[in-house]
Amino acid sequence: MYRHLRLRLRCRRLLSTSAAASSPPAQSAPLLFRHRPISSLSSPPHPQSLSPSPPRYLPPDPDDPSTLLREDPISLCASLWIDNFRDPSATASSLSPHLRRLELWVLAYQKAYADETGSYLPKSSVSRPALESLLALRNAVLDGRFRWGARLDLFIRSPRDKTDPSSLSKRKLRALLTSTQPPPFQDCIVQEVLLMILEPIYEARFSQKSFAFRPGRSPHAVIRTIRRSFAGYLWYIKGDLSTILDGVKPALIINALIRDVRDKKVVDLIKSALTTPVITGRPMDEEAARKKKKKRKYQKKRVLAEDEPKPDPYWLQTFFGFAPEEAEKLPDWGHCGVLSPLLANVYLDELDKWMEEKIKEFYRPSKSDVIWTGGEEQGNTSWPEFVPTSGPDKTRKTDYVRYGGHFLIGVRGPRADAAVLRKQLIEFCDQRYQLKLDNESLPIEHITKGIMFLDHVLCRRVVYPTLRYTATGGKIISEKGVGTLLSVTASLKQCIKQFRKLEFLKGDRDPDPQPCFRMFHATQAHTNAQMNKFLQTIVEWYRYADNRKKVVNFCSYIIRGSLAKLYAAKYKLRSRAKVYKIASRNLSRPLKEKKGQSPEYHNLLRMGLVDSIDGLQYTRMSLVPETDYTPFPGGWRPDHEKVLLEYIRLEDPRTLEEQRNCLRKQGLVTPQDYVSVLVWNYKKSALVLPPLEENDAQRAKEELLGSNRDEIKDKIGEGEENGGVLQAAQM
């Protein structure tokens, strides 16, 4: 019986091997289902059985993050910017493919990680569990399972969040679900992804008249634009729409959003972020916690964790407190987070476009005008800030600039034109923004009264280049004013107000420095270094102010007096005069708590036991740098937009053809063509010669150029015999 079974199995094997050998490859079974024949010990192995097994082509696993990370996220973002700047008017209807790219989610995770921990995480250091959690978060957003503000069902947790929700008690869970908490880490990641997708779309569409909450556009750009373009305007309308930044109806935001973005998934995601209620604590609980905190006199010093970022330095906190009113308020709508400033600009962009149309309608040039006689951008090109007073004022013109919720309109013409424009603006804000404005909220002021904008006062002063004096008394007997100059000066009153807010000053009338007790426990070297950084930021902020020297010297006086009072209280020196006598005018010499108990400061400094003390900067007005009057170009754009537009222009094949036609018309050749001609002629007529010495180099060059002169002429053309090519060859 066993013998029959063996014979039957052997026959089957032989038949299978013969069938595999005789069948052609086209009729063979698929690779995944083909098996190798098993050879018996009695029969010799078949030649095909010795060949290696064919590879198995398995489809990629969609749940494996490593297979989805195919491209560089920076190049993906760059392609988004280039595509949108190439065609700014195109409607964005398919953004879901960008939302599926896991590379963008990894980049958003890196940004959120840096904001959370204060340290940058390289892409290679992102752990495998974090990638899997990012993939789960992406799938939840695409499938509609993501919920804003979730505190228990989290797809990815913050790297600083070490709590386990399953181990929390009922009281802690109730407090977690009902009290005010920072936004979840996964919400920040989704906000960053949406910002990376939507920002290039709208930056290509936004008006050039808006400057806030946009990359590359700072308050300094606004001040320089006003100095260049607003010199000829007599009447100014200053408006404040910052109430919009406090809160807005979601329907108005969505209506403004869908004008350019028609992707349902992205729009629904932003709509849910605006409409999902934010959990805030009850006012009674917050007040009780504040009273309880006040009762505690002693608070234990908290030790920072290893991955916890250090608090901002004091100078940084004071500088942000020193910021102008227009830059203080940042929108924060619902769960939008970092997306809120972009949505605010999307919402206010309709006002910018409306004002651009009004600028075109209002413009009526006059040839007898001394400034604008032709195009809209034409003005006094020799000195944009200089406005002559002579000549009739006949050209009607207006301009507009906006920073956040604050805008400024300049009108050249009679006051009645400014009143008409104000009436139309009130109607527009009532219809589009449902915002009730009146004449008091939009005052019309003349340039001579001074207009406050971004903590700078806009006014004008008369220039007297020729002054004549008497020989004895020194009185002016004749002065000739040739014109007016737009003056952009820092507001000293506003500066004093900010210093009072930061508790550097006290008193209502005469400003008197107050001790800076927040730096009481810091060393003298550290305190001086922090205040120097604060002074440097103030110097940079008032860079374009006409009274830069005066206002910075005043700020230095306040800070120096505040530190002198602090050191007098700390080292028990009774008065500021005693501090200045020991530590010098700029407080650079060390102050000792007790005399004679420590070696000399220079010996300690030489041994490396103490820090060197830097004196306070700008203690004299002559040390403050001059005002920056660098001309601001017309049609200014940030550097990244210039690079994008130049890249798009050079990528267009028509640009290359235009350059070639221009070269042909002017009888020139490109450097590449000229070098190729030289190399070809050298190869054609080269001879094997001994190595040249230094004395023979010039003679060999002349012989080579002389022998190839005729051929170069034939290559380039008869019209270029005496052109720049032969001159370059002779050089």
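Two strands are said to pair if DSSP finds at least two bridges between them. The legends below describe close-up views of a predicted model.

**View 1. Strand 3 and strand 4 form an antiparallel pair.** Seven bridges join strand 3 to strand 4. Within this pairing, Y403 stands opposite H406 of strand 4. The two strands belong to a hairpin with two residues between them, and G404 adopts a positive phi near 65° there.

**View 2. Strand 3 is covered on both faces.** Seven of the seven residues of strand 3 are buried. One side carries K397, D399, V401 and Y403, while T398, Y400 and R402 lie on the other.

**View 3. Helix 17 spans residues 415-432.** The helix contains 18 residues, and the distance from its first C-alpha to its last is 26 Å, close to the 26 Å expected at 1.5 Å a residue. Its buried residues are D417, A418, L421, R422, L425, I426, F428 and C429. An α-helix has 3.6 residues a turn, so residues three or four places apart point the same way. The elements covering the buried residues of helix 17 include strand 3 (397-403) and strand 4 (406-412), together with strand 1 (235-240), helix 16 (340-362) and strand 5 (444-446). Just after helix 17, Q434 has a positive phi of about 55°.

Methods: Residues numbered from 1 in each chain as written. Predicted model: local features only at pLDDT ≥ 70, side-chain atom pairs only at ≥ 80, totals over all residues. Heavy atoms only, no water. Helix = DSSP H or I, 4+ residues; strand = E, 2+ residues; numbered from the N terminus. Expected span 1.5 Å × (residues − 1). Buried < 20%, exposed > 50% of the residue type's maximum accessible area, 1.4 Å probe, protein only. Contact = heavy atoms within 4.5 Å.
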